[in-house]
Protein chains: 2
Amino acid sequence: MPGKNTDFQHWARSRQGLVEEALNRLLPPADVAPQRLHQAMRYAALGGGKRVRPLLCYAAGEVTEAELERLTTTAVALELIHVYSLVHDDLPCMDDDVLRRGKPTCHVEYDEPTALLVGDSLQSLAFQLLAEYRVADSPQTQLKMLEHLARAAGSRGMAGGQAIDLEATGKTLTLPELEFMHIHKTGALIRASVMLGANCGRELPSKDMERLDHFAKRIGLAFQVIDDVLDAQAPTATLGKTAGKDARQGKATYVSAMGVEAARAMALDLKREAVESLASFGERARRLRELADFIVAREF
Amino acid sequence: MPGKNTDFQHWARSRQGLVEEALNRLLPPADVAPQRLHQAMRYAALGGGKRVRPLLCYAAGEVTEAELERLTTTAVALELIHVYSLVHDDLPCMDDDVLRRGKPTCHVEYDEPTALLVGDSLQSLAFQLLAEYRVADSPQTQLKMLEHLARAAGSRGMAGGQAIDLEATGKTLTLPELEFMHIHKTGALIRASVMLGANCGRELPSKDMERLDHFAKRIGLAFQVIDDVLDAQAPTATLGKTAGKDARQGKATYVSAMGVEAARAMALDLKREAVESLASFGERARRLRELADFIVAREF
């Protein structure tokens with residue numbers, strides 16, 4: 001369906017444009033002190049990335065007919081948490097990487113202490129924005145969104161997944177162990193992206209929120225499986241980050257656990273399950289379905 | 001007034017006990033995965049420190065007759081932000097320190113990537129708690145508190161002050177430049193401690209909030225001036241952190257800028273100004289006054 005695809009691409013590009021514009025507006029200006037820190041925050045957050053978490057937030061917001069402006073603020077908060085995690089993950093004491101989103105990593109372009117503070121400050125800014133701007137019908141819902149994002153980012157979410165990843169390096173993980181790691185490392189923030197996007201609009205019955213959450217869990221895992229496949233197969237120039245790193249660092253991945261073909265098949269199965277849970281939403285979940293297709297078909 | 005002092009010490013110890021108990025309860029259990037990360041978070045946050053920010057929060061809460069439970073949750077959030085900043089500041093790429101609160105620093109006791117994730121996770125947890133528990137009369141006030149804490153922690157607050165400190169190392173700063181650095185580095189979180197403590201109780205006229213803010217600004221600076229004096233004069237065993245570090249690292253301090261005697265006199269002046277702005281609060285500001293005395297008279 002090339003027509004549909006073109007329409008999706010147009011939608012995605014327009015939303016990516018809104019996120020870029022809002023990041024540019026909401027990040028501290030580069031000429032405000034401390035200038036170097038603010039420049040580095042902008043360097044890390046602007047002009048790159050697929051913005052998958054923002055797109056999930058926008059797409060989920062269509063299910064609850066959320067206002068675009070609320071979705072943009074929420075999408076920016078989600079992306080800031082993601083970017084902070086990339087900046088810290090790339091540090092020498094972590095993955096020690098030099099390339100991210102097609103550019104030198106933050107600590108290479110600036111320096112290590114600045115990159116540390118960039119990550120710290122981006123995290124604070126994410127919570128600031130969700131507290132400062134009106135992103136939901138009620139302040140109670142907004143507090144729930146803040147709590148959800150903080151849990152997703154913290155030691156039982158994304159940062160915890162990073163810790164599990166560190167401990168697992170060089171070990172062979174079983175598939176359930178691998179899944180446990182990714183539920184934390186990437187899954188938590190992807191779930192938060194879908195749930196917070198939905199929270200921006202009208203309240204859904206809890207049954208419907210569970211359906212969205214089920215979608216998010218399955219598509220989050222599919223995203224990670226494809227990430228592992230791409231790390232093993234795609235060239236660095238396409239990825240915009242160092243390819244083949246997982247194998248060199250002895251990381252447990254879906255490719256090391258089951259091979260490329262089985263991993264791709266697993267991702268397609270997960271996508272099918274994810275999309276099935278959207279059935280009752282009809283046309284309102286169209287962008288979520290299209291995003292699911294994009295996530296498993298992407299080549300970068 | 002030894003009688004008054006004993007009463008203050010009793011008050012301070014009881015509040016420190018409440019914070020310790022609440023930290024123990026609110027930090028993730030050490031036996032929950034990822035265990036090593038959770039152990040390290042507990043290691044960094046429990047059993048140490050003067051808990052100055054929590055005490056300021058409790059003392060400000062007495063001005064607005066805030067419930068103790070709300071103050072404790074808020075005090076924990078403030079302390080978690082402070083502890084996260086210590087863990088990151090001690091990292092090899094920053095101050096590279098081995099001793100904190102009388103124990104090996106987090107990256108020495110565990111390892112560098114774990115310490116990085118400890119700081120990241122403690123920051124998330126602080127915002128989670130302020131969103132999750134009821135800490136104010138209205139959710140609107142609670143959102144304001146979250147925004148205030150996020151700003152105080154971020155690039156135009158504490159993390160920004162750290163960046164200014166990095167750039168200033170090895171340089172001679174003017175007194176206004178030094179003050180600019182400390183307004184960010186320690187001042188922002190100390191102001192947040194007073195303001196958030198007050199926010200836990202009944203709403204004050206904005207004039208009264210400005211008075212509290214004035215108190216917080218002056219006492220925050222006094223706190224930093226005394227910190228510089230103690231770094232230059234107190235032994236490591238008393239401080240529980242490496243003494244004499246500022247001079248060795250070529251840091252600009254109030255002692256390097258004006259000498260020990262003038263710095264002590266400046267701290268006393270700042271305290272006097274701070275306490276003057278509490279005049280209209282009468283007995284309700286008693287603990288804030290006592291804390292101000294403690295902050296400039298402390299020997300560790």
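Residues are numbered from 1 along each chain as its sequence is written, and chains are lettered from A in the order in which they are written. Because the model is predicted, local features need pLDDT of at least 70 and side-chain atom pairs count only at pLDDT 80 or more, while totals for chains, interfaces and linings use all residues; side-chain values use heavy atoms, with hydrogens and water left out.

In chain A, the peptide bond that joins A33(A) to P34(A) is cis, with omega near -5°, and P34(A) is placed in the loop between α1 (2-26) and α2 (35-45) of that chain. Helices (H or I, at least four residues) and strands (E, at least two) are here DSSP runs, numbered from the N terminus. In chain B, the bond from A33(B) to P34(B) is likewise cis, with omega near -5°.

Positive phi values occur in residues other than glycine. R51(A), with phi near 55°, is found in the loop between α2 and α3 (52-63) of chain A, and it counts as buried at 3% relative accessibility. R101(B) has a positive phi of about 55° and lies in the loop between β1 (99-100) and β2 (103-104) of chain B; at 22% relative accessibility, R101(B) counts as partly exposed. Buried means under 20% relative accessible area, exposed over 50%, and partly exposed in between (1.4 Å probe, protein chains only).

A search of the whole structure finds zero disulfides (pairs of cysteine sulfur atoms within 2.5 Å) over all chains. The cysteine sulfur closest to that of C57(B) belongs to C200(B) and is 5.2 Å away, which is too far for a bond.

Between the two chains, 46 residues of chain B are in contact (heavy atoms within 4.5 Å) with 46 residues of chain A. The size of an interface is often given as the accessible area lost when the parts come together. Chain B and chain A bury about 3800 Å² between them, 69% of it on carbon and sulfur atoms, where buried area is the accessible area (1.4 Å probe) lost by two parts on being put together, summed over both. Two salt bridges are counted between the chains, a salt bridge being a side-chain nitrogen of Lys or Arg within 4 Å of a carboxyl oxygen of Asp or Glu. One salt bridge joins the side chains of E132(B) and R151(A) (2.8 Å, N to O). On the side of chain B that touches chain A, the largest share, 12 residues, comes from α6(B).
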